[in-house]
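Please look through the sequence and the model below before reading on. The paragraphs after it go through a few of its features in turn.

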Amino acid sequence: MSMTEANQPKKDWRFILIAIVAGLGGLLFGYDTGVVAGVLLFVNQVFHFDASMKGLFVAIALAAAAVGAAFAGALADAFGRRAVLIVAAVLFSAGAILSSVAGTIPILFLGRVMVGAAIGVSSMITPLYLSEITAAHWRGAIVTINQFYITVGIFVSYLVDYMLSGTPDGWRWMLGLGSVPGLILLGGMMVLPESPRWLAGRNFIEKATAGLRFLRGRQDVSEELGDLHRDIVEDSRRAAPWSLLLTRKVRKPLIIGVGLAVFQQITGINVVIYFAPTIFRDAGLSSASGSILATVGIGAVNVIMTGVAMRLLDTAGRRKMLLLGLYGMLTSLVFIGTGFLIQLHGPLTYIIVGMVAIFVAFFAIGLGPIFWLMISEIFPLAIRGRAMSIATVANWVSNMVISGIFLDLLLIIGRGPTFMFYAAMTVLAILFTLWIVPETKGKTLEQIEDSL
Ligand code: BGC
């Protein structure tokens, strides 16, 4: 048993600092993706967007996120996790301010591209950094804190959208407010140390020791350092060229990571997150404000259930929760699809609203946090950065495709079949999980690597 488990450190101010500061990457991710739903209504009028420009406005940040995530892994392996997160924080703040003062479409889009790239980078590096600086015992909780912050960011963006929708030029504030957590993240990353794992891998042993002491709050970290070292030596014995991704050792975790990435998106979560007001209006809620308020409610359910997941993941286990979440998502999707097919109306439309809330709740205890958690756990250190990049890029590309075609899908095949399609994808996700996803609860990263 390693030091990390035998001698569990107490939760103290360091734990809280890590949780707050590094988690801000997640908050910005949530805020900046969620906020477009409201912003779209207004920029639309100012810049006279047609439908395809609207689509482009949403997609451009998602595309930049995919590119950001593609380069983040290699950059984080080369320059360290902390340096890359600092650059992301600068991009978040600068992009938010630029888009908020934009007078022309190119400047508006440039700001969104900067923010999108930062989202992509931090969506990958934040869980990686958190999993590396956290003792095994807390890992499930601290990495899901990232997912928690994503949901808080989405919720806050809905609230801000709701509160500013009556203000002249409110959309500028909606976009610009993203700079505040960006600046806090920047300040916090100045205080936190570089990942000791990464430092030890580069042979900066003194810095790695100092970082571990800071993080664990005690003098003697020699055993944990020993564990780290063994792992690193082991990994470096086999050099880590890109071709390592094709070896048996990496193939299985890669299938798991990319599979979960794609299933997280093609089961339809962001159709709800980005288009909930539209779905509710289509379902029959008469007023726009009622639809937006229902959306705020969905945001709250997402936050609360992610909080529940954080409490459960290290005791109940990831695989069980993932399956439970998927069964719940499947059931609610079938209800939503059926509700649209039989055209519920009057007060019965609230069944659809309720089922959307249940869908989000089950996503939040399963596929939401567990995808991000698993991709920070299952890859060998030597290739972890790059492998996580691949899974994260797959996640953003699937997100872009699914969100991009949603409105067209509604027009072409209709609402009921569209949700039945997400239900069918959820069945595939269940089969995939039963087939290949392992339990990683309570294991050190080294043990997980061995078991795969
Ligand atoms: C997903 C996002 C999604 C969010 C919703 C995350 O895990 O990656 O695409 O918007 O959960 O809470």
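What follows concerns aromatic rings, an aspartate and a helix.

The model is a predicted one, and a search of the whole of it finds 13 aromatic pairs. In one of these, the rings of phenylalanine 49 and phenylalanine 109 have centres 6.1 Å apart and planes at 75°, so the pair is edge-to-face. This pair links distant parts of the chain, since phenylalanine 49 lies in the loop between helix H3 and H4 whereas phenylalanine 109 belongs to helix H6, 60 residues apart. Phenylalanine 109 also pairs with phenylalanine 57, in a tilted arrangement with 6.1 Å from centre to centre and 45° between the planes, and here the link runs between helix H4 and helix H6, across 52 residues. Phenylalanine 57 has a relative accessible area of 0% and is therefore buried, while phenylalanine 109, at 8%, counts as buried as well. Ring pairs join these residues into a cluster made up of Phe47, Phe49, Phe57, Phe109 and Trp171. Over the ring of phenylalanine 57 sits the charged end of arginine 112, 5.9 Å from the ring centre.

Helix H4, residues 51-79, also holds aspartate 77, which is buried with a relative accessible area of 15%. Its side chain makes a polar contact of 3.2 Å with that of arginine 81, and, leaving aside neighbours within four places in sequence, aspartate 77 is in contact with Trp198, Arg202, Gly385 and Arg386.

Helix H17, residues 349-365, reaches 25 Å from its first C-alpha to its last, close to the expected 24 Å. Because 12 of its 17 residues are buried, H17 is largely enclosed by the rest of the structure; among the buried residues are Ile352, Met355, Phe359 and Phe363.

Notes:
Residues are numbered from 1 along each chain as its sequence is written. This is a predicted model: local features need pLDDT of at least 70, side-chain atom pairs count only at pLDDT 80 or more; totals for chains, interfaces and linings use all residues. Side-chain values use heavy atoms; hydrogens and water are left out. Helices (H or I, at least four residues) and strands (E, at least two) are DSSP runs, numbered from the N terminus. The expected span of a helix is 1.5 Å times one less than its number of residues. Buried means under 20% relative accessible area, exposed over 50%, partly exposed in between (1.4 Å probe, protein chains only). A polar contact is a pair of N or O atoms within 3.5 Å; within protein, one must be able to donate a hydrogen and the other to accept it, and residues adjacent in sequence count only if both atoms are side-chain atoms. Contact means heavy atoms within 4.5 Å. Rings of Phe, Tyr and Trp (its six-membered ring) pair if their centres lie within 6.5 Å; planes under 30 degrees apart count as stacked, over 60 as edge-to-face and the rest as tilted. A charge sits over a ring if NZ of Lys or CZ of Arg is within 6 Å of the ring centre and within 35 degrees of the ring normal.
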